Amino acid sequence: MSSSTEGRFVRNAWYVAAWSSEVGDQPLARKIIGEPLVAFRNSRGAVIILSDTCPHRFAPLHRGKVIGDQIECGYHGLRFADDGQCVFNPRPGGVLTAANRVASYPVVERDTFVWVWMGAPDRADPSTIPAFPWLTDGDTYVKTAAATMVQRLPVELIVDNLMDLSHGAYIHRDSLNAYPPDAHVSGTVTADVTQDGCEIHNLVQRDGTDFYLHTFFRDSRTVADNGTVDLWTDTRFNAPTTIYFEVGIKPPGEPRAAGEFFGSVHALTPCDADTTEYRWLVFRNYAKGDPGLTAEMEKLVGHAFVTEDEPMIGAVRDRMAGRDFWSMRPITLAGDQGAIAARRCVERLVEADRIGVPASVRPR
Ligand code: FES
Ligand SMILES: [Fe+2]
């Protein structure tokens, strides 16, 4: 790992390396927490992830090609098996030893994602991968296309942005018709942050409100006779960098299961200290026969990310100018608990990596 990423990222953690659909039998280059990786599928269809640096003269292996279960370096033709062992040296006499190998990484394919474990292989526990069951339930939900953005932003500032949805009223006021901060609305508001290991829930409910007309619910029938609904936003953070949140409405007093909601998945993968791969999609359990709404969600949310969130987060990064968050003495307000808990949790995991003890990262 380069010195600029040392101690900055959680190493003993699962990261999303790709959508499952991205990985085929051609080498795919990736960089995660500063480490160059190459991904491909072997002859059995399993996703393989190896170090992308050939140990001979350090050519990127992704410039080579996949041959069956092996990847051949494009420089001098060494071949590596899918466990990282060098198994073929084309030169006369081509002797190899067990030490001639590249690192291989534990991989799990689940819920349309390829997850890679960047830490000590013997500590890889697939049960700690956050679950996204909605993504494979095509009967209950319709979803937008699997999207990937590459943002020149540090991952922790994107997490900060997603853990404080109150920004929507300002940044996305026009684009997403988010809740206007100065509107008069009825209803009672409750906010609750709960934490289980390094899974954090930030639930905000506005019960019996006459404000429900998020643009994506405009055709909704989930409104009581008196014109009110219960509105909820529920954000789930899984350390180090995965976020899910849903926005829903339901008839007052009914359980959530009676409601309509859209969920969004934000799988953030830090390439290095400056750049993040951001995979996202939006799904919903209502108006499923309306492809126009799906297209609109995809367009508007993507637009909001790129033209509204990204420039603001970039401006924050520039203003922070590499300084430590806490050293700048940020004020902490009611409503900041979720974002602060997420940041503290990541710091705790980085410290656990440093001193070499397992930290608690429980699954949902
Ligand atoms: S650099 Fe890969 S075979 Fe020489
Ligand atoms: Fe946003």
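Which residue forms a salt bridge with arginine 354? Select arginine 354 and glutamate 351: these two form the salt bridge, and their closest N and O atoms are 2.8 Å apart. Keep in mind that this is a predicted model. Both residues sit in helix H4 (residues 337-355), and because they are 3 residues apart there, about one helical turn separates them. Arginine 354 is exposed, at 61% relative accessibility, whereas glutamate 351 is partly exposed, at 34%.

**Other salt bridges**

The whole structure has 18 salt bridges. Side chains of opposite charge can pair when their charged atoms come close.

Next, select aspartate 272 and lysine 31, a salt bridge with 3.1 Å between the closest N and O atoms. Aspartate 272 is in the loop between strand S18 (260-270) and strand S19 (276-284), and lysine 31 is in strand S2 (residues 28-32), so the pair ties together parts that are 241 residues apart in sequence. Aspartate 272 is buried, with a relative accessible area of 15%, while lysine 31 is partly exposed, with 34%.

Then select arginine 256 and glutamate 246, whose side chains meet in a salt bridge of 2.9 Å, N to O. Arginine 256 belongs to the loop between strand S17 (242-250) and S18, and glutamate 246 to strand S17, so this pair ties together parts 10 residues apart in sequence. Is glutamate 246 buried or exposed? Glutamate 246 is buried, with a relative accessible area of 8%; arginine 256 is partly exposed, at 30%.

To see a network of salt bridges, select Glu22, Arg30, Glu277 and Arg279 together.

**The iron site**

Select ligand 2, an iron ion, along with His167, His172 and Asp309. The site is irregular, with angles of 55 to 145 degrees among the 4 donor atoms. Along the chain, the donors follow the spacing H-x4-H-x136-D. Histidine 172 is in the loop between helix H2 (168-171) and strand S14 (188-196), and aspartate 309 is in helix H3 (residues 291-320); the pair links distant parts of the chain, 137 residues apart. Both of these residues are buried.

**A sheet**

Finally, switch to a cartoon view and select strands S5, S6, S7 and S8, which form an open sheet in the order S5-S6-S7-S8 with antiparallel pairing. Strand S5 (65-67) and strand S8 (86-88) are at the edges with a single partner strand each, so one side of each has no neighbour in the sheet. S5 is joined to strand S6 (residues 70-72) by 3 bridges. Lysine 65 stands opposite glutamate 72 in S6.

Definitions and conventions. Residues are numbered from 1 along each chain as its sequence is written. Chains are lettered from A and ligands numbered from 1 in the order in which they are written. This is a predicted model: local features need pLDDT of at least 70, side-chain atom pairs count only at pLDDT 80 or more; totals for chains, interfaces and linings use all residues. Side-chain values use heavy atoms; hydrogens and water are left out. Donors are N, O and S atoms within 2.8 Å of the metal (3.2 Å for Na, K and Ca); water is not among the atoms, so sites may look incomplete. Four donors count as tetrahedral if all angles lie between 85 and 135 degrees; four count as square planar and six as octahedral if opposite donors are over 155 degrees apart and all others between 65 and 115; anything else is irregular. Helices (H or I, at least four residues) and strands (E, at least two) are DSSP runs, numbered from the N terminus. Buried means under 20% relative accessible area, exposed over 50%, partly exposed in between (1.4 Å probe, protein chains only). Two strands pair if DSSP finds at least two bridges between them. A salt bridge is a side-chain nitrogen of Lys or Arg within 4 Å of a carboxyl oxygen of Asp or Glu.
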